[in-house]
Amino acid sequence: MPNQDLIRVLFVCMGNICRSPAAEGIFSDIVRQHGLTDQFLVDSAGTIGYHSGSPADRRMREAAKKRGLDLTSRARQVTHSDLDEFDWVIAMDRQNLSDLQSVHSKPSSQVRLLSSFFESSADWPADVPDPYYGGDEGFEYVLDMLQSGCPKLLAEILRTNRI
């Protein structure tokens, strides 16, 4: 069970090998840059367990590495208890959000779409697309989206927790 004194943030996509581990890495890096590492527990999970135990997709790790990010997490499937133990659960798309609601209909967590943290003037879609079946540009596009939304997510968490 996570330390109750920490602010716990969980990023969720389908397989936990592309979008959510990248969001975990980006958000963790932003938290580190703000000197808040000791106040956060950041993790990621997938709505399916097919890739459990696997590292992030090689293409996502390579794209992230070019931006100075090291994605070290291993895929796992989201659990019912995650939705009570984490303070914030951030879904990458509306299907992930629907799947999370199937796992737990009344979670204690704040369950939100990452796109709810994009600037209203940003030209991003409501869903962070899954780059798995596309080319390298899809991974770069997803990283751009995540790097746009994660700072605003941190700002909202800090505002909500009065840090």
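Is cysteine 13 buried or exposed in this predicted model?

**View 1. Cysteine 13 and its closest cysteine neighbour.** Cysteine 13 counts as buried, with a relative accessibility of 2%. If you look for a partner, the closest cysteine sulfur belongs to cysteine 18. The two sulfurs are 6.8 Å apart, which is too far for a bond, because a disulfide calls for a pair of cysteine sulfur atoms within 2.5 Å. By this rule, the count of disulfides is zero.

View 2. Cysteine 150 has a relative accessible area of 0% and is buried.

**View 3. The open sheet.** Four strands, with parallel pairing, line up in the order β2-β1-β3-β4. At the edges are β2 (40–46) and β4 (110–113), each of which pairs on one side only.

**View 4. Strands β1 and β3 side by side.** Zooming in on this pair, strand β1 covers residues 7–13 and strand β3 covers residues 88–91. The two run parallel and are joined by four bridges.

**View 5. Helix α1 over the strands.** Helix α1, made of residues 19–33, lies across β1 and β2. Relative to β2, helix α1 runs at about 170 degrees.

Note on methods
Residues numbered from 1 in each chain as written. Predicted model: local features only at pLDDT ≥ 70, side-chain atom pairs only at ≥ 80, totals over all residues. Heavy atoms only, no water. Buried < 20%, exposed > 50% of the residue type's maximum accessible area, 1.4 Å probe, protein only. Pairing = 2+ DSSP bridges. Contact = heavy atoms within 4.5 Å. Axes fitted to C-alpha atoms, helices over the stretch in contact; angles between N-to-C directions.
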